[in-house]
Amino acid sequence: MIEADDVTVRYGDVLALDGVTLRVGAGTVCGLVGMNGSGKSTLFKALMGMVDVTHGGVRVAGHTPARARRQGLVGYVPQTEAVDWGFPVSVHDVVMTGRYGHLGLTRRPRPADREAVAEALDRVELTDLADRQIGQLSGGQRKRAFVARGIAQDARLLLLDEPFAGVDKRSEATIVRLLRELAADGRTVLVSSHDLHALPQLADEAVLLLRRVLFHGSVAEALEPDHLARTFGLEVPPDALGGEAS
Amino acid sequence: MTLLDLLLEPLSYDFMVRAFVTTTVAAVVAALLSCWLVLVGWSLMGDAVSHAVLPGVVIAYILGAPFALGALVFGGLAVVLIGAVRDSGRVKEDAAIGIVFTTLFALGLVLVSVTPSQTDLSHIIFGNVLGISSVELAQVLALAVVGSTVLLVKRRDLVLFAFDPTHAHAIGLSTRRLSALLLGVLALTAVVTLQVVGVILVVAMLIIPGATASLLTQRFGRMLVLAPTISALSSIIGIYLSYWLDAASGGMVVLVQGAVFTVVLLTSPRYGPLRRWRARSVPAGVRA
């Protein structure tokens with residue numbers, strides 16, 4: 001599903017990604033682990049065709065990012081800080097924007113689109129809250145609303161940017177279960193996080209990123225102290241693997 | 001004199017009828033646009049583009065070309081220059097906007113001062129809705145129809161652009177094109193609105209109605225009804241007041257809009273100070 005070959009991205013003098021080569025197959029949940037500034041967001045942007053790749057190439061489901069975008073293959077769940085939660089849209093409206101790529105000039109929804117939105121809301125268990133303004137949801141519900149948008153879009157690759165920040169334990173378990181289900185449908189889920197404790201339940205595999213891919217393999221191996229020490233450029237904090245860490 | 005006389009007397013003059021029609025039309029299209037501008041966070045951009053169109057309008061006057069054309073050219077030029085100054089490195093965006101629009105506005109002022117004309121070009125700066133001609137009214141109507149149609153046809157895309165441009169991009173929409181569309185309508189609307197309140201105060205009509213409506217509802221669809229309604233009503237009240245008090249019409253229109261915003265802000269159930277007072281006066285157990 002994801003094929004990145006020797007991807008290098010520079011912002012001016014700053015090297016954001018340095019020769020990233022990565023293969024992630026369909027039906028996989030992959031955890032993307034790295035510190036702030038490690039290039040996680042840049043890799044997401046490269047997959048969405050939002051940055052100029054200085055060197056190398058990216059393919060999503062065999063297409064260039066631009067083509068994959070036009071076909072609505074890539075769904076995106078933004079991190080909490082990137083959203084204006086006071087914006088006058090309802091949960092239903094947000095999920096409906098997942099259908100826009102399929103719609104005509106004015107994006108007027110057809111019955112099939114309303115159905116797709118209703119199904120997506122049902123899937124994330126937000127049907128009862130569909131008419132709420134988006135900011136009136138809890139942290140976990142907000143994330144699920146955006147996941148529902150990806151479902152309504154029928155995205156084959158779902159990118160989630162720090163989905164567990166500001167989310168309580170119970171919602172986290174709900175989101176983990178939901179993402180596992182989506183992978184079982186054959187979708188690919190790429191989750192960026194600097195938070196490690198959800199990873200074993202969530203991900204099939206993990207990528208450790210520090211501008212380059214330091215490690216790509218099983219979650220258990222990724223969580224070994226020497227791997228993490230290199231990823232975070234320091235000693236592993238003793239509570240990083242504990243259940244209470246955040 | 002009865003209230004009805006007060007309301008009807010101005011309408012016996014053709015120039016007043018034209019003023020009312022122009023004001024209502026401009027108020028509606030500016031208010032529609034303002035709903036997006038306040039949500040995208042483009043208030044300063046609205047200020048910049050509406051000031052920067054001045055030299056374009058004056059040059060169009062000199063060449064006998066449509067005002068809208070000159071405004072579009074200079075509105076676009078302002079946006080390009082702002083981008084160029086910002087991307088040059090050291091200067092932040094707000095400073096870039098401030099430098100570019102004041103310089104273009106100053107160019108407009110200089111052009112006004114050296115252009116011989118029968119009509120007073122200072123009307124472009126301060127507005128002169130009471131002196132509007134039938135031809136100008138026809139232009140205003142045409143531009144307003146174009147602007148409103150574009151906004152309403154593309155309203156869902158523009159809302160998405162305001163709410164989550166990354167998702168808009170991810171599903172294959174061109175955010176660059178949507179922002180250009182919004183800027184184009186902004187330049188057109190500036191031409192319409194400057195007839196009423198003048199270049200200096202255009203930005204008020206491009207921000208206040210949307211901001212007022214956003215205090216009253218959490219539904220964008222309702223904002224699109226509330227903002228034009230409030231804007232049109234308060235603008236008409238402003239024209240009446242300017243007629244009876246013999247005061248500047250552009251200033252009066254904006255003054256009434258600002259007053260309405262203030263009242264809404266103070267009484268808003270969600271955001272106003274009365275909310276806190278009410279919350280205190282209700283016993284804790286009764287609160288919803």
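**Exercise 1.** Find how many residues of chain B are in contact with chain A, counting two residues as in contact if their C-beta atoms, placed from the backbone, lie within 7 Å.

*Solution.* Start with the count: 19 residues of chain B are in contact with 20 residues of chain A. Next, look at where they sit: helix 8 (155-163), helix 9 (165-170) and helix 11 (220-245) of chain B each give at least two residues to the side touching chain A. Helices here are DSSP runs (H or I, at least four residues), numbered from the N terminus.

A word on the model: it is predicted, so local features need pLDDT of at least 70 and side-chain atom pairs count only at pLDDT 80 or more, while totals for chains, interfaces and linings use all residues. Residues are numbered from 1 along each chain as its sequence is written, and chains are lettered from A and ligands numbered from 1 in the order written.

**Exercise 2.** Decide how enclosed helix 1 (residues 40-47) of chain A is.

*Solution.* Take the test for a buried residue: 20 or more other C-beta atoms, placed from the backbone, within 10 Å of its own. In helix 1 of chain A, 8 of the 8 residues pass, so this helix is largely enclosed by the rest of the structure. Among them are Lys40(A), Phe44(A) and Leu47(A). After the helix comes Gly49(A), with a positive phi near 70 degrees.

**Exercise 3.** Describe how helix 7 (residues 134-153) and helix 10 of chain B cross.

*Solution.* First, their axes, lines fitted to C-alpha atoms over the stretch in contact, come within 9 Å and cross at roughly 150 degrees. Therefore helix 7 of chain B is roughly antiparallel (over 145 degrees) to helix 10 of chain B. Finally, the contact includes Leu143(B) of helix 7 and Leu188(B) of helix 10.

Definitions and conventions. Buried ≥ 20, exposed ≤ 12 C-beta atoms within 10 Å, placed from the backbone. Axes fitted to C-alpha atoms, helices over the stretch in contact; angles between N-to-C directions. Parallel < 35°, antiparallel > 145°, perpendicular 65-115°, else oblique.
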